[in-house]
Amino acid sequence: NTKRLLVDNDGDNEQIYSQAVDLLNDGEVVAFPTETVYGLGAVATDEKAVKKIFQAKGRPSDNPLIVHIGTIEEVSNYIEHISENALELMNVFWPGPLTIVMKAKSGILAPNVTAGLSTVGIRMPDHEVALRLLRKLKKPVAAPSANRSGKPSPTKAQHVEEDLQGKIPLILDGGTTGIGLESTVLDMTVTPPVILRPGGVTKEMLQEVIGEVIQPNKEQQKLDSTPKAPGMKYTHYAPNAPVLLIEKDQHTVSTAIAYLQKDGHKVALLAPINFSKLGSDYFFAFGQEEDKEQMGAKLYEDLRACDKTDATIILATTTSTEGVGAAIMNRLEKAAGGKWFRLSEI
Ligand code: TXA
Ligand code: MG
């Protein structure tokens with residue numbers, strides 16, 4: 001059975017961290033909070049332990065895992081050559097929501113961590129629980145998001161419990177994660193570097209430090225038949241009812257709600273707080289209009305909350321792709337499978 005232990009309190013919790021470290025050293029998996037989403041960790045040099053991550057999540061084995069570390073010094077244990085730009089990024093953005101993909105030293109990390117690729121993504125999470133665990137363990141931790149494969153990533157320990165109850169021994173409960181969207185994945189093995197997954201560290205922020213960075217748009221991603229971040233090709237972040245994206249316009253949204261309800265649908269609406277009175281059967285607020293941080297922090301929680309309702313369709317309003325908007329729209333597009341509700345089509 002799965003234990004959930006609270007570390008988000010004033011106690012020193014030393015015993016709880018020891019338990020987590022012992023489990024990891026024994027080849028077990030442990031779920032823990034980061035500043036982005038909860039991760040499901042195993043020691044990254046232990047192939048059998050890493051295999052348990054894939055099993056618990058139901059994750060395809062061709063999808064590599066991110067390696068989490070507690071200090072910048074240890075990166076050189078796993079990486080052939082750290083470029084000046086990569087080092088600069090670590091100094092500026094770590095700890096933080098940036099995963100840097102570099103060429104891996106061969107034979108150090110378990111082969112299933114990198115899914116057979118010659119590169120590895122590394123990041124230092126900006127969360128006191130994650131950092132304390134990593135620094136006490138003194139080993140690299142491979143950790144994908146701690147959800148069942150295909151579900152929205154967990155932003156609360158309770159989400160992990162819902163998805164992985166009985167499949168993992170321990171969840172460290174550090175409360176709600178701050179950012180709510182997974183880290184930016186940046187491929188530093190190519191010039192100029194390419195954003196494989198947009199996240200909290202935006203293209204604009206990266207460019208200020210290392211100059212040109214490529215953020216492929218949707219069309220470019222489609223043209224690229226072999227996705228560089230293998231994870232991005234799978235259905236993701238999807239609640240049970242279908243999600244439709246919709247323009248953030250009150251008239252459009254209220255018309256859509258009436259139209260769908262007439263068709264027999266129960267409609268859940270995910271939108272800014274000022275859209276609450278448009279007649280949807282369920283309403284989940286993304287926060288204030290134009291506050292992208294609030295929107296990112298609430299998105300997965302709201303998508304999961306839809307599964308607790310009898311909504312038959314979910315409408316989610318969109319945002320611009322500026323700043324963190326790129327990450328939000330990337331996840332929304334995936335949750336919706338690219339489907340939109342458009343007034344011109346009814
Ligand atoms: O914020 C995060 O990154 C969270 C927390 C737990 O740290 N982790 C996370 O892991 O989102 P995961 O496994 O759900 O997503 C990792 C993404 C996938 O899209 C994967 O394909 C990509 O990173 N990735 C990992 N290693 C890679 C590599 N060597 N080359 C290209 N893409 C890689
Ligand atoms: Mg994931």
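Strand S11 (residues 243-246) is joined to strand S14 by four bridges, and the two run parallel. Helices (H or I, at least four residues) and strands (E, at least two) are DSSP runs, numbered from the N terminus. Two strands pair if DSSP finds at least two bridges between them. Strands of a sheet pair through backbone hydrogen bonds, either parallel or antiparallel.

The model is predicted: local features need pLDDT of at least 70 and side-chain atom pairs count only at pLDDT 80 or more, while totals for chains, interfaces and linings use all residues. Residues are numbered from 1 along each chain as its sequence is written, and chains are lettered from A and ligands numbered from 1 in the order in which they are written.

The protein chain is divided into domain 1 (3-231) and domain 2 (243-345), with bounds that come from an automatic or database domain assignment. Their C-alpha centres lie 28 Å apart. Between them, 16 residues of domain 1 are in contact with 15 residues of domain 2; contact requires that two C-beta atoms, placed from the backbone, lie within 7 Å. The side of domain 1 that touches domain 2 is made up of four nonpolar, nine polar and three charged residues. Here Ala, Val, Leu, Ile, Met, Phe, Trp, Tyr, Cys and Pro count as nonpolar, Asp, Glu, Lys and Arg as charged, and the others, Gly among them, as polar.

Strands S11 and S14 belong to an open sheet of four strands in the order S11-S14-S12-S13, with parallel pairing. At the edges are S11 and strand S13 (282-285), each of which pairs on one side only. The twist averages 20° from one strand to the next. Within this sheet, Leu244 stands opposite Leu315 in S14, and Ile246 stands opposite Thr317 in S14. Strand S12 (residues 267-271) also pairs with S14 in the parallel sense, over four bridges, and Leu270 stands opposite Ala316 in S14.

Is strand S14 largely enclosed or exposed? Five of the five residues of S14 (residues 313-317) are buried, so the strand is largely enclosed by the rest of the structure. A residue is buried if 20 or more other C-beta atoms lie within 10 Å of its own, exposed if 12 or fewer, and partly exposed in between, with C-beta atoms placed from the backbone. Ile313, Leu315 and Thr317 point one way from S14, whereas Ile314 and Ala316 point the other way. Helix H9 (residues 250-262) lies across S11, S12 and S14, running at about 165° to S12. Axes are lines fitted to C-alpha atoms, for helices over the stretch in contact, and angles run from 0 to 180 degrees between N-to-C directions.

A second sheet, also open, has ten strands in the order S1-S8-S2-S3-S7-S4-S6-S5-S9-S10, with mixed pairing. Its edge strands are S1 (3-6) and S10 (194-197). Four bridges join S1 to the parallel strand S8 (residues 170-173), where Leu172 is the bridge partner of Leu5.

For "binding site", an unreviewed UniProt entry lists Thr36, His68, Arg123 and Ser183; such annotations may be inferred rather than shown by experiment, and positions follow the numbering used here, with shortened feature names. These residues span 148 residues in sequence, yet no two of their C-alpha atoms are more than 12.7 Å apart, so they gather at one spot. His68 lies in strand S4 (residues 66-68) and is buried, with 26 other C-beta atoms within 10 Å. Arg123, in strand S6 (residues 119-123), is buried with 27 such neighbours. Leaving aside neighbours within four places in sequence, the contacts of Arg123 include His68 and Ser183.
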